[in-house]
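I opened a new structure today and went looking for how it is put together. These are my notes.

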Amino acid sequence: MEFFCYHRDRSGSAALREELLERHWSYMDRYSEELIARGPTMAGDTPTGSVHIVDLPDPPAARAFAFDEPNYQAGVYRDVLLRRWRNLLGRTMWDFPGGEEGGNRYLVLGLGEGQAADLTVPPDKDELIAYGPLLSDDGAVWLGTAALVRAPDADTACAVLTPGRYAEIAVHNWQFGGRG
């Protein structure tokens, strides 16, 4: 089962995040085979959150992954969005044809409302790093869509989702994560 996990940073936690960087990476190293994508959201040079898309056995394993994470345990994060996710591209971020460098990268997060939308891969999939629906724990209810996109700007990235089909669409600067 694939899961989308977005830890959003608490205001003023950048120094603590930096102090815990090696512990965070060591924790994530334990999941290297299960990770589909990972990396921080950013405001300029400052991290604002951490995205992890991971393949785990079940919802309890996903909750343990999200809430045992060292930054979460130490209070770096203000909240966590954890949802089942379906990998419509069938690849990891490391398989992205555009590579790790060049262009702007974004997390596009649409929180669902009403009938499911965007359940198929958009036509310009070459710019998609990861893409799929957010689902309930049992996978039966559509709750939104999450995408990692390379795009010239946030508006272009946002256009990967159908306007008017979401209660909210948020776009965050994002970058490939992991040990440099």
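Which residue is the bridge partner of Leu134 in E7? I looked it up, and the partner is Gly144.

Before going on, I noted that this is a predicted model, where local features need pLDDT of at least 70, side-chain atom pairs count only at pLDDT 80 or more, and totals for chains, interfaces and linings use all residues. Numbering runs from 1 along each chain as its sequence is written, and side-chain values use heavy atoms, with hydrogens and water left out.

**The barrel**

I found eight strands closing into a barrel in the order E1-E3-E2-E8-E5-E7-E6-E4, with antiparallel pairing. On average, neighbouring strands of this sheet are turned by 30° against each other, direction ignored; axes here are lines fitted to C-alpha atoms, for helices over the stretch in contact, and angles run from 0 to 180 degrees between N-to-C directions. Strands (E, at least two residues) and helices (H or I, at least four) are DSSP runs, numbered from the N terminus. Two strands pair if DSSP finds at least two bridges between them.

**Around E7**

I checked both partners of E7. Strand E6 (residues 128-135) pairs with E7 over seven bridges, antiparallel, and strand E5 (residues 104-112) is joined to E7 by eight bridges, also antiparallel.

**E2 and E8**

Strand E2 (residues 35-43) and strand E8 (residues 166-174) pair antiparallel over two bridges. Met42 has Asn173 as its bridge partner in E8. I also saw helix H2 (residues 21-29) packing on the sheet, where H2 touches E2, strand E3 (46-55) and strand E4 (77-85). The direction of H2 makes about 160° with that of E2.

**Asn71**

Is Asn71 buried or exposed? Asn71 sits in helix H4 (residues 70-74) and counts as buried because its relative accessibility is 1%. Leaving out residues up to four places away in sequence, I listed its contacts (heavy atoms within 4.5 Å): Asn71 touches Arg17, Leu20, His24, Val76 and Tyr77.

Methods: Buried < 20%, exposed > 50% of the residue type's maximum accessible area, 1.4 Å probe, protein only.
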